[in-house]
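Subject: Handover of a protein structure

Dear colleague,

Please find below the sequence and the structure that I am handing over to you. My findings follow directly after them.

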Amino acid sequence: MTDKEIKPWKLLSEEDVSPSPWFPILKHAVELANGSIVDDYYFSPLGDVVQVLAITKNNEVVLVEQYKHALSQVLLELPGGMQQKNKSIIESALNELEEETGIKATADRLIPMGKIANNPTKLRQITYGFVLFDAEFNSAQKLDITEDINVITLPAPQVLQKAIDGEIWVTDSLNLIFKTALAYPEIFGLKR
């Protein structure tokens, strides 16, 4: 192993080549640390995402089942969504949780579980994960026009098993489930 310093690339120019506001794309010209120039480095600054692993008083995890058009499949995942305009990460997490599941909570009850980068080579997008204990269905779903969501609650150990078995396979949901199971093993039926 070497201890060489890894240096960031130098941005020479940036061009917005987005086909629509739904899918932003930037074209960068960059100078690499070795002096090479790459004049067509494309990536998408999609924006940050929030996700909440909500656990009820009965140690059931709240999941959402919904159609995802890019994969043409109905997927099982944790509730969440894009950071909302003019809202903080926390405000967005609380809003997405209520909108998708009908669970209203307060910021002081969210426990940060860190951040996840899904594909840092081609996406500028960070998923911020949170855990909420003693989640209650105390509001109504407020779905966006593109959302059709079934809310499902399953015992935490069963959710972990679904993640292990590949029945839950969305990257940020998997990571947040695994991180939370490591942090709170007793809830997921694991031993410390």
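The largest nonpolar core of this predicted model has 20 residues. Those that touch the most other members are Leu 53, Val 61, Leu 63, Leu 78, Val 159, Ile 177 and Phe 188. Strands E4 and E5 and helices H2 and H3 each supply at least two residues of this core. Apart from it lies another core, made of 14 residues, including Val 50, Leu 97, Ile 103 and Leu 110. In soluble globular proteins, nonpolar side chains tend to be buried together.

Leaving aside neighbours within four places in sequence, Val 61 is in contact with Leu 53, Ala 54, Ile 55, Leu 78, Ile 152, Thr 153, Leu 154, Ala 156, Val 159 and Phe 188.

Two of these partners, Ala 156 and Val 159, bring us to helix H2, which spans residues 156-165. The buried residues of H2 are Ala 156, Val 159, Leu 160, Lys 162 and Ala 163. Seen down the axis of the helix, these residues fall within an arc of 160 degrees, so they line one face of H2. They pack against strand E5 (60-68), strand E6 (73-77), strand E10 (150-155) and helix H3 (171-183). After H2 comes Gly 166, which has a positive phi, near 85 degrees.

Helix H3 also contains Ala 183. Is this residue buried, partly exposed or exposed? Its relative accessibility is 31%, and Ala 183 therefore counts as partly exposed, since that class lies between under 20% for buried and over 50% for exposed. Leaving aside neighbours within four places in sequence, Ala 183 is in contact with Met 113 and Arg 192. Met 113 and Ala 183 are 70 residues apart in sequence, yet their C-alpha atoms are 8.9 Å apart in space.

I turn now to the pockets. The largest pocket has a volume of about 1,500 Å³, and its lining is formed by 37 residues. Nearest its centre lie Val 49, Lys 68, Gly 81, Met 82 and Gln 125. The elements that give two or more residues to this lining are strand E4 (49-56), E5, E6, strand E7 (80-82), helix H1 (89-101) and H3. By type, the lining of the largest pocket divides into 18 nonpolar, twelve polar and seven charged residues.

The second largest pocket has a volume of about 170 Å³. Its lining residues are Tyr 41, Phe 43, Ala 117, Asn 119, Pro 120, Thr 121, Lys 122, Leu 123, Arg 124, Gln 125 and Ile 126. Of these, six are nonpolar, three polar and two charged.

Finally, some remarks on the protein as a whole. How many helices and strands does the protein have? Its secondary structure comes to three helices and ten strands. From the N terminus on, the elements run β-β-β-β-β-β-β-α-β-β-β-α-α. The protein has 192 residues, and buried residues make up 38% of them. Among contacts between residues at least 6 apart in sequence, 56% join residues at least 24 apart. The C-alpha atoms fill a box of roughly 60 × 45 × 35 Å, taken along the principal axes.

With kind regards

Notes: Residues are numbered from 1 along each chain as its sequence is written. This is a predicted model: local features need pLDDT of at least 70, side-chain atom pairs count only at pLDDT 80 or more; totals for chains, interfaces and linings use all residues. Side-chain values use heavy atoms; hydrogens and water are left out. Buried means under 20% relative accessible area, exposed over 50%, partly exposed in between (1.4 Å probe, protein chains only). Helices (H or I, at least four residues) and strands (E, at least two) are DSSP runs, numbered from the N terminus. The arc is that of the directions from the helix axis to the C-beta atoms. Contact means heavy atoms within 4.5 Å. On a 1 Å grid over the protein atoms alone, a cavity is a set of points where a 1.4 Å probe fits but cannot get out, and a pocket is an open set with protein on both sides within 12 Å along at least five of seven lines; lining residues have an atom within 4 Å of a point. Grid points are joined across faces, edges and corners, and a volume is the space filled by probe spheres set on the points. Ala, Val, Leu, Ile, Met, Phe, Trp, Tyr, Cys and Pro count as nonpolar, Asp, Glu, Lys and Arg as charged, and the others, Gly among them, as polar. A nonpolar core is a set of buried Ala, Val, Leu, Ile, Met, Phe, Trp, Tyr and Cys residues joined through side-chain atoms within 4.5 Å.
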